[in-house]
Amino acid sequence: MTKIDIDILKERINYNTETGEFFHTKLAKPAGYVSPDGYLIIMLDGRSYRATHIAHAIVEGSWPEHTMDHKDRNPQNIET
């Protein structure tokens with residue numbers, strides 16, 4: 001399945017690198033929900049994305065090639 005274009009992603013989601021928070025740009029409200037396994041999931045165009053992948057795409061300008069996780073395996077941390 002094709003991922004959302006990163007330029008469109010940046011228009012629709014704001015990512016605060018200091019706090020690790022995600023916001024919908026037009027709605028001005030927090031983006032995402034916490035999944036049963038503790039990861040923040042953000043829905044865009046009917047597709048779910050892990051917030052860690054969205055953060056990587058926004059900061060690095062490309063989607064990660066592999067599944068990303070937190071170093072300490074704590075899905076609530078902002079460090080990956």
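1. Contact here means heavy atoms within 4.5 Å. On that basis helix H2, residues 51–60, lies across strands S5 and S6, and its direction makes an angle of about 80° with S6. H2 also lies across S1 and S2, running at about 85° to S1. The model is a predicted one, and the points below should be read with that in mind.

2. Overall content. The protein chain has 2 helices and 6 strands. Read along the sequence, these elements follow the pattern α-β-β-β-β-β-β-α. The chain holds 80 residues, of which 35% count as buried. Among contacts with a separation of 6 or more, 38% are accounted for by residues 24 or more positions apart.

3. The sheet S1-S2-S3. This is an open sheet of 3 strands in that order, with antiparallel pairing. S1 and strand S3 (29–30) are the edge strands, and each has a single partner, so one side of each is left without a neighbour in the sheet. Strand S2, residues 22–24, is joined to S3 by 2 bridges, and the two run antiparallel. Within this pairing, His 24 has Lys 29 in S3 as its bridge partner.

4. The sheet S4-S5-S6. Another open sheet of 3 strands has this order, again with antiparallel pairing. Its edges are strand S4 (33–34) and strand S6 (47–50); each has a single partner strand, so one side of each lacks a neighbour in the sheet.

5. The S4–S5 hairpin. S4 and S5 pair in the antiparallel sense over 2 bridges. Tyr 33 has Ile 41 in S5 as its bridge partner. The two strands form a hairpin with 5 residues between them, and Gly 38 in the turn has a positive phi of about 95°.

6. Strand S5, residues 40–44, is joined to S6 by 4 bridges, and the strands run antiparallel. Ile 42 stands opposite Tyr 49 in S6, while Met 43 has Ser 48 in S6 as its bridge partner. This hairpin has 2 residues between its strands, and Asp 45 in the turn has a positive phi of about 55°.

7. In soluble globular proteins, nonpolar side chains tend to be buried together. The largest nonpolar core in this model has 16 residues; those touching the most other members are Leu 9, Ile 13, Phe 22, Ile 42, Leu 44, Ile 54 and Trp 63. At least two residues of this core come from each of helix H1 (6–12), strand S1 (13–15), S5 and H2. H2 supplies the largest share, 5 residues.

8. Which residues does Ile 13 contact once its neighbours within four places in sequence are left aside? They are Phe 22, Phe 23, His 24, Thr 25, Ala 31, Ile 42, Leu 44, Ile 54 and Ile 58.

9. Aromatic pairs. How many aromatic pairs does a search of the whole structure find? The count is 2. In one, the rings of Tyr 15 and Phe 22 have centres 4.6 Å apart and planes at 25°, so this pair is stacked. Both Tyr 15 and Phe 22 are buried. In the other, the rings of Tyr 49 and Trp 63 have centres 5.2 Å apart and planes at 20°, so this pair is stacked as well. Tyr 49 lies in strand S6 and Trp 63 in the segment after H2, so the pair ties together parts that are 14 residues apart in sequence.

10. Burial of the Tyr 49 and Trp 63 pair. Residues count as buried under 20% relative accessible area. Tyr 49 is buried, with a relative accessible area of 5%. Trp 63 is buried too, with a value of 16%.

11. A charge over a ring. The charged end of Arg 50 sits over the ring of Tyr 39, at 3.9 Å from the ring centre.

Technical notes
Residues are numbered from 1 along each chain as its sequence is written. This is a predicted model: local features need pLDDT of at least 70, side-chain atom pairs count only at pLDDT 80 or more; totals for chains, interfaces and linings use all residues. Side-chain values use heavy atoms; hydrogens and water are left out. Two strands pair if DSSP finds at least two bridges between them. Axes are lines fitted to C-alpha atoms, for helices over the stretch in contact, and angles run from 0 to 180 degrees between N-to-C directions. A nonpolar core is a set of buried Ala, Val, Leu, Ile, Met, Phe, Trp, Tyr and Cys residues joined through side-chain atoms within 4.5 Å. Buried means under 20% relative accessible area, exposed over 50%, partly exposed in between (1.4 Å probe, protein chains only). Rings of Phe, Tyr and Trp (its six-membered ring) pair if their centres lie within 6.5 Å; planes under 30 degrees apart count as stacked, over 60 as edge-to-face and the rest as tilted. A charge sits over a ring if NZ of Lys or CZ of Arg is within 6 Å of the ring centre and within 35 degrees of the ring normal.
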